[in-house]
Amino acid sequence: MIRAVIVDVDDTLCLTQAASLALENEVLTEMGRQPVPREVHLSTWGEPLLDAMPRRSPGVDLSLFSALHRRALERHIADGRLDVIPPENLRALDEFVLAGRSVFLLTSRTEDEMRHMLEPDHVLAGRVSGIYHAGNTRFRKPDPRVFDELLTAAGIPPRQCVYVGDSPGDAVAAGRAGMSFVGCLQSKVRKPEDFHLLYVNVFVDAFPDVVEAIRQLDRLTAADV
């Protein structure tokens, strides 16, 4: 049985690529710079923000951008324009828990970028057993060791875990760690052919479909035994 469902945040639990592009372009406009084209943003999506920005906006003052971005991020979150988790996705998390599965988040975001999701009154409180990010993990995806801290704390072997994500790096990290992987294609940022299929157990078109996908993985595991 799958005992732990580990979920990526961006474009998996909530759709963020388009919202993040709007946020970054708002900041760049404030700085008097040209907006980032969608194609350029997509080509660097998944990279740490400050690593990607020199290619998204060559010559940008990273210190000023970072300071303005932090303030704009708070506004967008408060206004409900970023990191909105749809009710159906929250219901899916609840179904995992009701089925006896532990739920964790694992993301490449920094601790500052995740701080609002760590608040005790956030909708995730009581639904997830732990949130792992760049501030409390030593490695980054696609390195499979990104799961080390989570697995140690949970005491669950990788073969009883499934990682749900939207990127080829997510799949590689999970597969090399010995986990099952469910590819969520809801954001339409990536297609099945973008993935190394060796590491993908199943694709889903929307996050709530993960509930049935994991039931299928359970049945396949039972049949193998």
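**Figure legends: overall fold and close-up views**

**Figure 1. The whole predicted model.** The protein contains nine helices and six strands; helices (H or I, at least four residues) and strands (E, at least two) are DSSP runs, numbered from the N terminus. This is a predicted model, in which local features need pLDDT of at least 70, side-chain atom pairs count only at pLDDT 80 or more, and totals for chains, interfaces and linings use all residues. Residues are numbered from 1 along each chain as its sequence is written, and side-chain values use heavy atoms, with hydrogens and water left out. Along the principal axes, the C-alpha atoms fill a box of roughly 60 × 40 × 30 Å. Of the 225 residues, 49% are buried, where buried means under 20% relative accessible area, exposed over 50%, and partly exposed in between (1.4 Å probe, protein chains only).

Figure 2. T44 is found in the loop between helix 2 (38–43) and helix 3 (49–56). Is this residue, T44, buried or exposed? T44 has a relative accessible area of 2%, so T44 is buried. Not counting residues up to four places away in sequence, T44 touches A52, R55 and R56; a contact means heavy atoms within 4.5 Å.

**Figure 3. The aromatic pair F104 and Y132.** The structure holds six aromatic pairs. Rings of Phe, Tyr and Trp (its six-membered ring) pair if their centres lie within 6.5 Å; planes under 30 degrees apart count as stacked, over 60 as edge-to-face and the rest as tilted. The ring centres of F104 and Y132 are 6.5 Å apart and their planes are at 50 degrees, so this pair is tilted. Because F104 belongs to strand 2 (residues 102–106) and Y132 to strand 3 (residues 130–132), the pair ties together parts that are 28 residues apart in sequence. Both F104 and Y132 are buried.

**Figure 4. The aromatic pair Y163 and F181.** Y163 and F181 form a tilted aromatic pair, with 6.3 Å from centre to centre and 55 degrees between the planes. This pair links distant parts of the chain, 18 residues apart: Y163 lies in strand 4 (residues 161–165) and F181 in strand 5 (residues 180–184). Y163 is buried, with a relative accessible area of 0%, and F181 counts as buried at 0% relative accessibility.

**Figure 5. An aromatic cluster.** Which residues form one aromatic cluster? The cluster consists of F147, Y163, F181, F195 and F203.
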